[in-house]
Amino acid sequence: MNHYLYSFLALSLANDRAAEADAYRRMSMARADQEASPSLVRRSLARGLAAVSRGSASVVRRLDGCIADDLGRSLAPTE
């Protein structure tokens, strides 16, 4: 292939990446002007979900302990 073609492709790729970077920069600047309330909602929902997760984990640990005790008794030799 001709070396001019490679140069043209490289220039085209550089222009595309520059345009993407400019669009990303504009999008970041637009987001900076928005209010912080959506993150507050997300944070509250995340904390609620974490509380539910911790509660269910606690219940599973207790249930696992009960099942392990029952299994240990059933496998123990009887006299």
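Visitor: Does Arg25 count as buried, partly exposed or exposed, and at what relative accessibility?

Guide: Buried means under 20% relative accessible area, exposed over 50%, and partly exposed in between (1.4 Å probe, protein chains only). Arg25 has 43% relative accessibility, so Arg25 counts as partly exposed. Keep in mind that this is a predicted model: local features need pLDDT of at least 70, side-chain atom pairs count only at pLDDT 80 or more, and totals for chains, interfaces and linings use all residues. Residues are numbered from 1 along each chain as its sequence is written, and side-chain values use heavy atoms, with hydrogens and water left out.

Visitor: What does Arg25 form a salt bridge with?

Guide: A salt bridge is a side-chain nitrogen of Lys or Arg within 4 Å of a carboxyl oxygen of Asp or Glu. Here Arg25 pairs with Asp22, the closest N and O atoms being 2.6 Å apart. Asp22 is partly exposed, at 24% relative accessibility.

Visitor: How many salt bridges does a search of the whole structure find?

Guide: Two. Arg26 also forms a salt bridge with Asp22, with the closest N and O atoms 2.4 Å apart. Through shared partners, Asp22, Arg25 and Arg26 are joined into one network.

Visitor: Where do Arg26 and Asp22 lie?

Guide: Helices are DSSP runs (H or I, at least four residues), as are strands (E, at least two), numbered from the N terminus. Both residues lie in helix H1, four residues apart, about one turn of the helix. The protein has two helices and zero strands.
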